[in-house]
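Please open the structure in a viewer and keep the selection tool at hand.

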Amino acid sequence: MDFLRVENVCKIYGEGENAVAALDHVSLSIEKNDFTAIIGSSGSGKSTLLHAIAGVDVPTSGKIFLNGQDVYAQNQEKLAIFRRRQVGLIYQFHNLIPTLNVVENITLPVLMDRRTVNQQRLEELLELLGLQDRRDHLPNQLSGGQQQRVAIGRALMNAPAVMLADEPTGALDSRNGKEIVQLLKESHKKYHQTLIIVTHDESIALQADRIITIADGRIVRDERQVARA
């Protein structure tokens with residue numbers, strides 16, 4: 001069984017003459033532990049697809065299955081729990097809570113779930129992300145790259161089955177961007193997670209196992225990369 005399956009998904013914004021099809025009958029499947037890049041020009045529908053997979057943007061029609069579960073067959077409460085526990089979502093902009101420090105931002109999903117923080121996992125993430133000496137810092141005391149590391153930690157804290165990153169390097173300089181992609185790849189390997197990155201950066205896409213190209217809301221190319229050493 002495919003880990004992720006998207007079946008004939010459409011997403012239409014507006015009505016009548018103003019209707020715009022952001023996704024036009026998209027179908028795909030992704031295997032567990034794969035690293036997939038989704039590319040396309042601005043407005044192609046790639047971010048809409050990612051957000052539909054994440055459970056945050058309800059499709060107009062079609063179905064999405066993640067780990068055998070029909071994502072949108074759940075009520076709102078169960079869908080919110082699903083997003084917190086099964087999906088790690090990273091945006092281009094960090095979306096950190098400005099009044100919370102590094103540790104508090106990273107552990108926020110666990111606390112929202114009213115569960116006990118796994119201290120061993122927290123320390124492991126702080127080490128992986130190079131944030132041990134920044135744990136008490138507020139977001140405005142961090143660089144852009146460090147803030148994005150916190151956002152990655154927050155997405156990883158609940159040990160999600162899939163990591164979804166929407167232009168995670170778009171607001172960073174080249175050096176920080178490369179470091180963030182390397183961190184995502186390391187967490188992908190370390191935690192055996194399925195990783196999907198939406199990007200316009202060809203150098204990032206070429207590091208993936210598979211590249212899916214979207215144009216005008218449709219998949220126009222789907223290529224699996226030659227295995228890398």
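**Stop 1**

Select Arg149, which counts as buried because its relative accessibility is 16%; buried means under 20% relative accessible area, exposed over 50%, and partly exposed in between, with a 1.4 Å probe and protein chains only. Residues are numbered from 1 along each chain as its sequence is written, and side-chain values use heavy atoms, with hydrogens and water left out. The model is a predicted one, in which local features need pLDDT of at least 70 and side-chain atom pairs count only at pLDDT 80 or more, while totals for chains, interfaces and linings use all residues.

Arg149 and Glu179 form a salt bridge, with 3.0 Å between the closest N and O atoms. A salt bridge is a side-chain nitrogen of Lys or Arg within 4 Å of a carboxyl oxygen of Asp or Glu. Arg149 belongs to helix α5 (residues 144-156) and Glu179 to helix α6, so the pair ties together parts that are 30 residues apart in sequence. Helices (H or I, at least four residues) and strands (E, at least two) are DSSP runs, numbered from the N terminus. Glu179 is partly exposed, because its relative accessibility is 29%.

**Stop 2: Helix α6**

Select residues 174-191, the 18 residues of helix α6. From first C-alpha to last, α6 reaches 26 Å, close to the 26 Å expected at 1.5 Å a residue; the expected span is 1.5 Å times one less than the number of residues. Among the buried residues of α6 are Ile180, Val181, Leu183, Leu184 and Tyr191. Just after the helix, His192 takes a positive phi of about 55 degrees.

**Stop 3: Further salt bridges**

How many salt bridges does the count come to? The count comes to 11. Select Asp57 and Lys11, which form one with the closest N and O atoms 3.2 Å apart. This pair links distant parts of the chain, 46 residues apart: Asp57 is in the loop between α1 (46-54) and β4 (61-66), and Lys11 is in strand β1 (residues 4-13). Asp57 is buried at 17% relative accessible area, and Lys11 is buried at 12% relative accessibility.

Next, select Asp113 and Arg84, whose side chains meet in a salt bridge of 3.0 Å, N to O. Asp113 is in the loop between α3 (102-112) and α4 (119-128), and Arg84 is in helix α2 (residues 76-86), 29 residues apart.

**Stop 4: A buried arginine without a salt bridge**

Return to helix α5 and select Arg154. Arg154 is buried yet has no salt bridge, and Glu104, the nearest side chain of opposite charge, is 12 Å away; Lys and Arg count as positive and Asp and Glu as negative, while His and the chain ends are not counted. Leaving aside neighbours within four places in sequence, the contacts of Arg154 include His94, Asn95 and Pro109, where contact means heavy atoms within 4.5 Å.

**Stop 5: His51**

Finally, select His51 in helix α1. His51 is buried, with a relative accessible area of 18%. Not counting residues up to four places away in sequence, His51 touches Val56, Asp57, Tyr72, Tyr91 and Asp166. The C-alpha atoms of His51 and His94 are separated by 16 Å.
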